Amino acid sequence: MNNEKQPIFKDFQKNRDYINERLAVDKSFDIIQRDLEYAGINMSLFLIDGFGKDDILLYIMKLFAKLQQSDFQPDVLSKLMKTYIPYIEVEEVADLNNASDLVLGGPAALIVEGIDKIIMIDARTYPARSPEEPDLERVVRGSRDGYVETIVFNTALTRRRVRDRSLRMEYMQIGRRSKTDICVCYLEDIADNRRVDNLKKKLEKIDTDGLPMAEKTIEEYISGRHWNPYPTVRYTERPDTAASHLYEGHVIIIIDGSPSVMITPATYSHHLQHAEEYRQKPLVGAYLRLVRFIAVIASIFILPLYFVFTKQPEYLPANLQYIGPDEVGVVPLLIQFLIAEMGIDVLRMAAIHTPSSLATALGLVAAIMIGEVSVQVGWFSHEVVLYLAVAAIGTYATPSYELSLANRLARIFLLLCAALLGGIGYIIGITVWILYLARMKSFHIAYFWPFLPFSYRPFRDVFLRSPIPLKNRRPAFLHPKDPDR
């Protein structure tokens, strides 16, 4: 792609032909080029069919049709910009290449004979669905709106909840060909300037054709550690969740085309929070958080621990000797676990691709195949199915989908360690896992904060859902300008 600037020619026809050729109007049916003449002045309008607001453009054209040549004197550009284009989002562009790229994003370009600027009329509308509650972040009580795939809608949903004059939404474009719109959102009076500048520099360095996977592509560019399964940014589709993080001092990235916004930085504990805990009384919220933590811990450790006890029953206390399968079955226990783990992932993928009308049938097939029949033929034992179900439920109880997938890989890693070295391998695996997370950084922030390095008050808030009036300090690791809430 050619990113060089092309100044506007003095000849109107050259400007028209240049943009016509650059946009390949004759080769794409949805790119519209309309030659116009009002008050003896030649004009040419370029826009994308489906993006332009027909009623706005039609109103402007009707207004132009009533004008006389004297109405454009003495300065045609000034008269158009200040008087005869009754629209809010209007700007001047002095670069033909930039103007044609902007047209591909939705605004209409108006070339006027006799002026050395192109007038961009941002009368565009994008196909958009109505805001709905996100499937992954449902709450019993709370708002039912969620982010959509249109960036302007998402910025409006955010500003609706953060009516602060220091809220900054800085516009950027990423992708040489896709020209994807993104927005860096933060509270200037709270967020650390160095963190904001560092994030913007990383975004500016992204050099790629496009962002086909939107936020996931950006995450891989700015977070590094490509083979690390643990997420260093948090995703949310809830505007209230994004707003609460803005008030803490986080920086939000909103990407056009994605209903998920990125929250940076994000530690391990951030991925364990859920809006439901703050929609209930503090004691109830603390209980829900405790139950969720138990479920997450069980999803990682209980399956490998059961495997250790099965292979080395001498580790079991006398009152727990009942743990372990009575009949191992024809398939080795480790293979049973691995097959079952992959089977759950296959079912999950099948559920995603299965129409909702067939979801019940898929559930029945899964229950019959992985349940009774697989046990009866000797593929699995009853206890394997039980403990695998406990691990699966804990996985689905994890608020962050990305964290749940990473924890699943950690569980398989611990299972393989236990299979190789027994109980010693299980302990070694846990130690390696903890050290691995302790060494991780999320945008120069310790991933295991506030566990490592230890900070008492945030550590307490991680485990206990504190009453909101008592949470009068912003997280210290963000270095907020205004630490007192």
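Which side chains meet in a salt bridge at 2.3 Å, N to O? The first legend below answers this for a model that is predicted.

**View 1. A salt bridge between R176 and D207.** The side chains of R176 and D207 meet here, with 2.3 Å from N to O. R176 sits in the loop between β6 (167-174) and β7 (180-187), while D207 sits in the loop between α6 (193-204) and α7 (215-223), so the pair ties together parts that are 31 residues apart in sequence. With a relative accessibility of 30%, R176 counts as partly exposed. D207 has 53% and therefore counts as exposed, the cut-off being over 50%.

**View 2. A salt bridge between R289 and E277.** The closest N and O atoms of this pair are 2.9 Å apart. Are R289 and E277 buried or exposed? Both are buried.

**View 3. A salt bridge between R411 and E341.** Here the closest N and O atoms are 2.6 Å apart. Because R411 lies in helix α14 and E341 in helix α11, the pair ties together parts that are 70 residues apart in sequence. Both R411 and E341 are buried.

**View 4. A network of salt bridges.** Seven residues are linked in this view: E133, D135, R138, R144, R238, D240 and R279. The structure as a whole holds 25 salt bridges.

**View 5. Helix α13, residues 382-397.** At 1.5 Å a residue, the 16 residues of α13 should span 22 Å, and the end C-alpha atoms are 23 Å apart, which agrees. Which residues of α13 are buried? They are E383, V384, Y387, L388, A391, A392, G394 and T395.

**View 6. A nonpolar patch on the surface.** The patch is formed by Y315, F413, L420, L421, I424, I428 and V432. Together these residues have about 700 Å² of accessible area. One of them, L421, is placed in helix α14. L421 counts as exposed because its relative accessibility is 55%.

**View 7. V331 in the loop between α10 and α11.** At 15% relative accessibility, V331 counts as buried, since buried means under 20%. V331 and H245 are 86 residues apart along the chain, and their C-alpha atoms are separated by 49 Å.

**View 8. Backbone geometry in two loops.** Most residues other than glycine have a negative phi, and most peptide bonds are trans. The residues in this view depart from that pattern. The peptide bond from Q73 to P74 is cis, with omega near 0°, and P74 is in the loop between α2 (54-65) and α3 (76-84). The bond from L452 to P453 is also cis, with omega near -5°. P453 is in the loop between α14 and α15 (456-463). F443, in the loop between α14 and α15, is not a glycine but has a positive phi of about 55°. H444 lies in that loop between α14 and α15, and its phi is positive at about 70° although H444 is not a glycine. F443 counts as buried at 10% relative accessibility, whereas H444 is exposed, with a relative accessible area of 62%.

Technical notes. Residues numbered from 1 in each chain as written. Predicted model: local features only at pLDDT ≥ 70, side-chain atom pairs only at ≥ 80, totals over all residues. Heavy atoms only, no water. Helix = DSSP H or I, 4+ residues; strand = E, 2+ residues; numbered from the N terminus. Expected span 1.5 Å × (residues − 1). Buried < 20%, exposed > 50% of the residue type's maximum accessible area, 1.4 Å probe, protein only. Patch = residues over 30% accessible without salt bridge, like charges linked within 9 Å, V, L, I, M, F, W, Y side chains within 5 Å. Areas by Shrake-Rupley, 256 points an atom, 1.4 Å probe, with all protein chains shown as cover. Salt bridge = Lys/Arg side-chain N within 4 Å of Asp/Glu carboxyl O.
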